[in-house]
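Hi everyone, thanks for coming.

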Amino acid sequence: MDLNYYYEYCLSKKGVTEHFPFDEETLVFKVGGKMFALSSLKEWEKGTPSVNLKCDPDKCEDLRAEFEAIKPGWHMSKTHWNTVEFNKDVPDKMIRELIDHSYDLVFKSLTKKLQLEILE
């Protein structure tokens, strides 16, 4: 997966906005004002891209055991976030599924009112 595909895939989801809240290199995707994916543009340039994604705590451990390129979330809650390295042992299809999972977890945590506004 390349940066453009990752970028377009995240932005294709309903209500998603992009931000740089921490610095000029960490691209953050949010839904309803809450983060669901963040990635360092500098790491993409260096050829070592990864993304932090929210994950169900039970699923986090299973994924880390199954894939070498899935680790506890870097600078995030290790219980609820994974860091997924691109172009390693995690297929692109699985990365898309993990992006979807992260988005869904965050979307479902929003108020019903905000969910309806996003879906309109």
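The lining of the largest cavity divides into 6 nonpolar residues, 1 polar and 1 charged. By class, Ala, Val, Leu, Ile, Met, Phe, Trp, Tyr, Cys and Pro are nonpolar, Asp, Glu, Lys and Arg are charged, and the others, Gly among them, are polar. The residues in question are Leu53, Lys54, Cys55, Leu63, Ile70, Asn82, Val84 and Leu98. Two elements give two or more residues to this lining: β4 (50-54) and β6 (81-85). Helices here are DSSP runs of H or I with at least four residues, strands are runs of E with at least two, and both are numbered from the N terminus.

Before I go on, this is a predicted model, where local features need pLDDT of at least 70 and side-chain atom pairs count only at pLDDT 80 or more, while totals for chains, interfaces and linings use all residues. Residues are numbered from 1 along each chain as its sequence is written, and side-chain values use heavy atoms, with hydrogens and water left out.

Points are joined across faces, edges and corners, and a volume is the space filled by probe spheres set on them.

The largest pocket holds about 440 Å³ of space. Of its 18 lining residues, the closest to the centre are Ser40, Ser50, Asn52, Trp74 and His75. Its lining has 6 nonpolar, 8 polar and 4 charged residues, with at least two residues from each of β3, β4, β5 and β6.

Is His75 buried or exposed? His75 is exposed, at a relative accessible area of 62%; the cut-offs are under 20% for buried, over 50% for exposed, and partly exposed in between, with a 1.4 Å probe and protein chains only.

Now to the packing. The largest nonpolar core has 31 residues, and Tyr6 and Phe36 have the most contacts inside it. Such a core is a set of buried Ala, Val, Leu, Ile, Met, Phe, Trp, Tyr and Cys residues joined through side-chain atoms within 4.5 Å. Its largest share, 7 residues, comes from α4.

Finally, the structure holds 9 aromatic pairs: rings of Phe, Tyr and Trp (its six-membered ring) pair with centres within 6.5 Å, and planes under 30 degrees apart are stacked, over 60 edge-to-face, the rest tilted. Tyr6 and Trp44 have ring centres 5.9 Å apart and planes at 25 degrees, so they are stacked. Tyr6 and Phe86 have centres 5.5 Å apart and planes at 70 degrees, so that pair is edge-to-face. Tyr6 is buried at 0% relative accessible area, and Phe86 is buried at 3%.

Definitions and conventions. 1 Å grid on protein atoms, 1.4 Å probe; cavity = no way out; pocket = protein on both sides within 12 Å on 5 of 7 lines; lining within 4 Å.
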